[in-house]
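Hi,

Here is the structure I promised to pass on. Have a look at it first, and then read my notes below.

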Amino acid sequence: MPAQPGAPLLVALVVLVLVAVGASTVGGLRTGRSIATAALRAVVQLGLVALVITAVLSHLAWSALFALAMFAVATATSARRVEAPRCWPWVALALAAGVVPVLAVVFASGAVPWDGASLVPVAGIIIGGTMSAHSLAGRRAFAALRDEIGTYEAGLSIGLRRPQAISEVVERRLPEALVPGLDQTRTVGLVTLPGAFVGVLLGGGTPLQAGAAQLLVLVGLLAAQTVTVVVAHQLVRAARLLPPDLAERLVP
C-alpha cells in the first residue's frame, strides 16, 4: 500500500480504468461508460469520506448517522438496480430484515466493541453485501418473470393464486443471489484474504484476532443476505416489490 497518495497511484488508477473500459469495448459489453463513471464516483466519494471519517469514528452518534446514510444509499441503489425505484420502502424493509438482526447479534454479543470505530466498517460490509444480494435476487427474479410470463399464466390457469404462480417462476432463481457470498466464505484464506482480516492485521492485531473478525463478518453477511433474499421473495410474491411493467402484467 502507498504511504501517501501521489502520481504513482494516479497512473495506476488511470491505467486500470482504461484496461477495464478497453476490455468492455473489445468484448462488446457496452459497459465502458458505467465503468468510468463508477471509478470517478469512487474517487470523489472516498475523498469526501476521508475528510470526515476521523470525526465520524470518534463519536458513536455520528457513526450511527453515517451508518444510516450508508443504508439509505444502499436502498436507493438497489431499488434502481432492480428497476423499481418507487418500491424503495419495500427494498428498505427487505434490507433491514437482514442487516438489523445481524448487527444486533454482532454488537450485543460483545464480539465487536460498541463504538464508532467498529460500527462504521462492520455496518458498511454487512449493508454492502446485503445490497448486492438483494440486487442480484431482484434482477434474476424479474428477468425470469419477463421471460417466462407463459409459465406464470399457466399457473393461474390451473388454479394457482398469484403469489404461488410468481413463486413457480422465481423461486429457483433466488439461490443464485447467495452464490458470491457462499463462494467467498468457502474459499476465504485459500483464494482471498478479505478486508476485515487484512484490516485487523494492519491495525496491529494478531492473525488469530484477524481470523476471528473475518469469520464473524462472513457468517454475519451470509445470514443477512439469506434473510434479505427470503423477505424480498415474500414481497415479490405479494406484488409489493415489482417493477412497473411487471406490476401491470402480473394480474391475478
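Let's start with a loop: Glu83 sits in the one between α3 and α4. Its phi angle is near 65 degrees, which is a positive value in a residue that isn't glycine. With a relative accessibility of 44%, Glu83 counts as partly exposed, because that class runs between 20% and 50%. One thing to keep in mind as you read on: this is a predicted model.

Is Arg30 buried or exposed? Arg30 is exposed, at 80% relative accessible area.

Now zoom out. The protein chain has eleven helices and zero strands. Of its 252 residues, 33% count as buried. If you take contacts between residues at least 6 apart in sequence, 70% of them join residues at least 24 apart.

There is also something from a record. UniProt, in an unreviewed entry, puts the feature "transmembrane region" at residues 46-75, 87-112, 118-137, 188-206 and 212-232. I looked at two of those spans in the model. Residues 46-75 are 93% helix and 0% strand, with the end C-alpha atoms 19 Å apart. Residues 87-112 are 81% helix and 0% strand, and there the end C-alpha atoms lie 33 Å apart.

Next, the inside. The largest nonpolar core has 47 residues, and the members that touch the most others are Ile126, Phe142, Leu145, Leu241 and Leu250. Several helices supply at least two residues each, among them α3 (60-81), α4 (88-108), α6 (149-157) and α10 (207-237). Which helix gives the most to this core? That would be α5, with eleven residues. As for Leu250, leaving out residues up to four places away in sequence, it touches Leu145, Ile149, Tyr152, Arg162, Ile166 and Leu242.

Two packed helices are described by the angle between their axes and the distance between the axes. The axes of α5 (residues 116-147) and α7 (residues 162-170) come within 9 Å and cross at roughly 105 degrees. So α5 is roughly perpendicular to α7, as angles of 65 to 115 degrees are classed that way. Ala141, Ala144 and Leu145 make the contact from the α5 side, and Ile166, Val169 and Val170 from the α7 side. By class, that contact has six nonpolar residues, no polar ones and no charged ones.

Stay on α5 for Ser135, which is found in that helix. Ser135 counts as buried at 9% relative accessibility, because the cut-off for buried is under 20%. Apart from its neighbours within four places in sequence, Ser135 is in contact with Ser78, Arg81 and Val82.

Last stop: Leu216, in helix α10. Leu216 is partly exposed, with a relative accessible area of 27%. Which residues does Leu216 touch, not counting those up to four places away in sequence? The answer is Val106, Ala111 and Val112. Leu216 and Val106 are 110 residues apart along the chain, yet their C-alpha atoms are separated by 7.7 Å.

Technical notes:
Residues numbered from 1 in each chain as written. Predicted model: local features only at pLDDT ≥ 70, side-chain atom pairs only at ≥ 80, totals over all residues. Heavy atoms only, no water. Axes fitted to C-alpha atoms, helices over the stretch in contact; angles between N-to-C directions. Helix = DSSP H or I, 4+ residues; strand = E, 2+ residues; numbered from the N terminus. Parallel < 35°, antiparallel > 145°, perpendicular 65-115°, else oblique. Contact = heavy atoms within 4.5 Å. Nonpolar A, V, L, I, M, F, W, Y, C, P; charged D, E, K, R; others polar. UniProt positions renumbered as here; feature names shortened; annotations may be inferred. Core = buried A, V, L, I, M, F, W, Y, C linked by side-chain atoms within 4.5 Å. Buried < 20%, exposed > 50% of the residue type's maximum accessible area, 1.4 Å probe, protein only.
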